[in-house]
Amino acid sequence: MTGLAERTHSSDIAGLASINHWIGGRLVEGVSGRYGPVYDPATGRQAKRVDLASVDEVGAAVAAAADAFSEWRATSISRRTEIMFRIRNLVDAHRQELAALLTAEHGKVPSDALGEVARGVENLEFACGIPHLLKGGYSEQASTGVDVYQIRQPLGVAAGITPFNFPAMVPMWMFANAIACGNTFVLKPSEKDPSASILMAQLLAEAGLPDGVFNVVQGDKVAVDAILEHPQVKAVSFVGSTPIARYIYETGTRNGKRVQALGGAKNHMVVLPDADVEMAADAAVSAAYGSAGERCMAVSVVVAVGDVADTLVEAIGARLPGITVGPGSEPSAQMGPLVTREHRDKVASYLDRSTEQGAELVADGRDHELYAEADGFFLGASLLDHVTPEMDSYQNEIFGPVLEVVRVPTYDAAVRLVNENPYGNGTAIFTRDGGAARQFQFEVQAGMVGINVPIPVPVAYYSFGGWKQSLFGDLHMYGPEGVQFYTRAKVVTSRWPDPGTSRVDLGFPRTR
Ligand code: NAD
């Protein structure tokens, strides 16, 4: 298939490519008359525009998904598996095109974009194992002549609402398991970088997925609210910021839907005095500034314990001039621009506020020449030392290339700091002491823990999810818990008695 990237839109209006919906197996131009801008963050120019769906357009996508459900859920597991394998192979074959769209609209550099696609493909691969994953349980002779078994059945129409920072991977976290389990799906991607959703829709269709099983509605709050209100949407998976996650969870569950809503993060990396400082500094820099800090699992706080602080801050600071900031088109670039000008400026605003409140600005990303001179939304790497929990920069998720260092005297103080933080997505500890690491794993309040690993994103056969305000709902995303989320249990009790052996018995059924 060639020219796929060009086929993510159906019309050029006023010289701007228009990103449309995908409903019932084809591109559908928006008719709401509402559009959002899609920027090229590296140039700062609006490159495309995206349709913003009306309530009726969401209704059309849900109707297409609902119509497709009965046939899709009746499709044999082996046929669904065959399609999942084809989807996996087609996405694998189009990694470069997908990654190019991410660089063009999100701004992340190509190596990072390819990494995102690779982690998404792992979820497709997991879903190829659906025959094994959907096996139920069977208890023979639960009572005399009675067998009991549990089957897991799909829910119906599931919806996914996704953030700007992983426009390919996070949708794959959701739709891979959802459709493999026999559901149909409506994706509402971020309006900031919507093209990857349409390329994925094209690939799913080419893989043989029946029309209507996977749909995309582009949009904003109007589309989200229409999804949350729609009676035929049975489940909603959300990834984004904490205030919106809370809203999605509360509204969706109030409307009777099953909801998993993953929110924001403030990921702490604890460095004990016995840690290998060079290794810890490499890890902190990689995890804090990769993807310009726009990762929900980015390390945003280093917790320096005891006398490691001075050497650690020096080692981190020494690495920052070596980070090459630039557009994704520049092969040497390691860190691209931020997603929008507003977001870049908001991130930068924390630097002054934090220093006014007593932090020390060791490196100021605004000193980078691209911050002042380029039209793109660039900001260099910033490092704040002597940050305390009361400061604005600590209290908020910055979501940019700003690393904060909080100094604490002891391991216990470090754990207290992590546990008192309202977020609980990921955390990490760097140490050579296995006992300390094990104790940390035991008592830390976070959903994903790294031991000498700074970004502990679980592999696709485990599940991804935070604690506290990083997740609303019970089930984590993708992996085994994803399969659980997208299916519901049915328990069958059965017997095949010989004719003439039954009698009336008003007693409560006993098993013994
Ligand atoms: P966001 O919450 O602004 O948007 C997420 C989605 O919600 C988008 O599709 C958007 O259109 C929609 N939305 C935005 N405002 C809305 C409103 N008022 N009502 C209804 N829907 C609305 O998040 P973002 O800026 O796109 O993404 C960054 C955030 O996502 C960060 O907070 C980051 O930590 C978080 N994130 C979390 C994870 C995780 O796994 N926990 C992963 C990636 C990103």
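Student: Which residues of helix α8 (residues 221–229) are buried?
Tutor: They are Ala-223, Val-224, Asp-225, Ala-226, Ile-227 and Leu-228. Buried means under 20% relative accessible area, exposed over 50%, and partly exposed in between (1.4 Å probe, protein chains only). Helices (H or I, at least four residues) and strands (E, at least two) are DSSP runs, numbered from the N terminus.

Student: Before we go on, what kind of model is this?
Tutor: This is a predicted model: local features need pLDDT of at least 70, side-chain atom pairs count only at pLDDT 80 or more, and totals for chains, interfaces and linings use all residues. Residues are numbered from 1 along each chain as its sequence is written, and side-chain values use heavy atoms, with hydrogens and water left out.

Student: Back to α8. What do its buried residues pack against?
Tutor: They pack against helices α1 (55–74) and α9 (242–254). Strands β9 (157–161), β10 (184–188) and β12 (233–239) are partners too.

Student: Take Val-224. Which residues does Val-224 contact, leaving aside neighbours within four places in sequence?
Tutor: Ile-161, Lys-188 and Ile-248. Contact means heavy atoms within 4.5 Å. Val-224 lies in helix α8 and is buried because its relative accessible area is 11%.

Student: Now Thr-427. Where is that one?
Tutor: Thr-427 is in strand β20 (residues 426–430).

Student: Is Thr-427 buried or exposed?
Tutor: Buried, because its relative accessible area is 1%.

Student: What lies 2.8 Å from a polar atom of its side chain?
Tutor: The backbone oxygen of His-268. A polar contact is a pair of N or O atoms within 3.5 Å; within protein, one must be able to donate a hydrogen and the other to accept it, and residues adjacent in sequence count only if both atoms are side-chain atoms. Leaving aside neighbours within four places in sequence, Thr-427 also touches others, including Val-418, Phe-440 and Pro-456.

Student: Zoom out. How many helices and strands does the protein chain have?
Tutor: The chain has 17 helices and 24 strands.

Student: How much of the chain is buried?
Tutor: Buried residues make up 56% of the 512 residues.

Student: And what are its spans along the principal axes?
Tutor: The C-alpha trace spans about 85 × 60 × 40 Å.

Student: What share of contacts with a separation of 6 or more joins residues 24 or more positions apart?
Tutor: That share is 71%.
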